Amino acid sequence: MVAGRYFACRAVAFYQNEVGRANFTIVLDDPTDSRHIITFSGDNGRRLDDRYELPIDRMLLKSKDRPKRDGLPVPLVETSTGMCMQLGSFVSGQISSIACNATDRNGRSYELQFESDGSPVRMWRVRPSRPTIK
């Protein structure tokens with residue numbers, strides 16, 4: 001749910017950048033915008049057994065109407081407050097659910113409810129590469 005509108009999800013992903021900021025990114029199934037992507041973003045996530053909690057401090061909003069840099073939409077960054085909770089473990093390859101709620105400074109609300117079908121998660125490790133100079 002984004003600002004009162006409900007969408008199905010085409011993909012849900014979790015990633016953490018090199019400085020520790022964590023993100024739950026959702027590609028929305030929006031028939032009017034094939035580039036509609038929202039990201040719940042925060043720092044200081046913590047793991048408690050098979051539960052991961054991430055305090056949300058900003059939402060990253062991408063759409064077909066956003067300006068582009070290097071061909072990719074630049075997200076609108078909205079200061080927000082909220083929480084994401086993931087049940088399951090990347091180590092075991094099983095995530096059973098993800099729930100996120102956030103409200104931005106303008107009062108718009110964002111909610112994610114994801115329930116797994118039991119399929120194992122796919123993991124990719126992306127590491128920065130050093131540019132080669134010729």
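Author: This is a predicted model. Start with Cys-9. Its relative accessible area is 36%, so Cys-9 is partly exposed.

Reader: Which cysteine sulfur is closest to that of Cys-9?

Author: The closest is in Cys-100, at 10 Å. That is too far for a bond. The cut-off for a disulfide is 2.5 Å between the sulfur atoms.

Reader: How many disulfides does the rule give?

Author: A disulfide is a covalent bond between the sulfur atoms of two cysteines. Here the count is 1 disulfide. Cys-84 is joined to Cys-100, with an S to S distance of 2.0 Å. The two cysteines are 16 residues apart and link distant parts of the chain. Cys-84 sits in strand S8 (residues 76–89), and Cys-100 in strand S9.

Reader: What is the handedness of the disulfide between Cys-84 and Cys-100?

Author: Read the torsion about the S-S bond. For Cys-84 and Cys-100 the torsion is about 115°, so this disulfide is right-handed.

Reader: Is Cys-84 buried or exposed? And is Cys-100 buried or exposed?

Author: Cys-84 has 0% relative accessibility, so Cys-84 counts as buried. Cys-100 also has 0%, and counts as buried.

Reader: Now the core. Which residues have the most contacts inside the largest nonpolar core?

Author: In soluble globular proteins, nonpolar side chains tend to be buried together. The largest nonpolar core here has 20 residues. Phe-24, Ile-38, Phe-40 and Met-59 have the most contacts inside it.

Reader: Which strands each supply at least two residues of this core?

Author: They are S2 (22–29), S3 (37–42), S5 (51–62), S9 (94–104) and S10 (109–115). Strand S5 gives the most, with 5 residues.

How values were computed. Residues numbered from 1 in each chain as written. Predicted model: local features only at pLDDT ≥ 70, side-chain atom pairs only at ≥ 80, totals over all residues. Heavy atoms only, no water. Core = buried A, V, L, I, M, F, W, Y, C linked by side-chain atoms within 4.5 Å. Buried < 20%, exposed > 50% of the residue type's maximum accessible area, 1.4 Å probe, protein only. Helix = DSSP H or I, 4+ residues; strand = E, 2+ residues; numbered from the N terminus.
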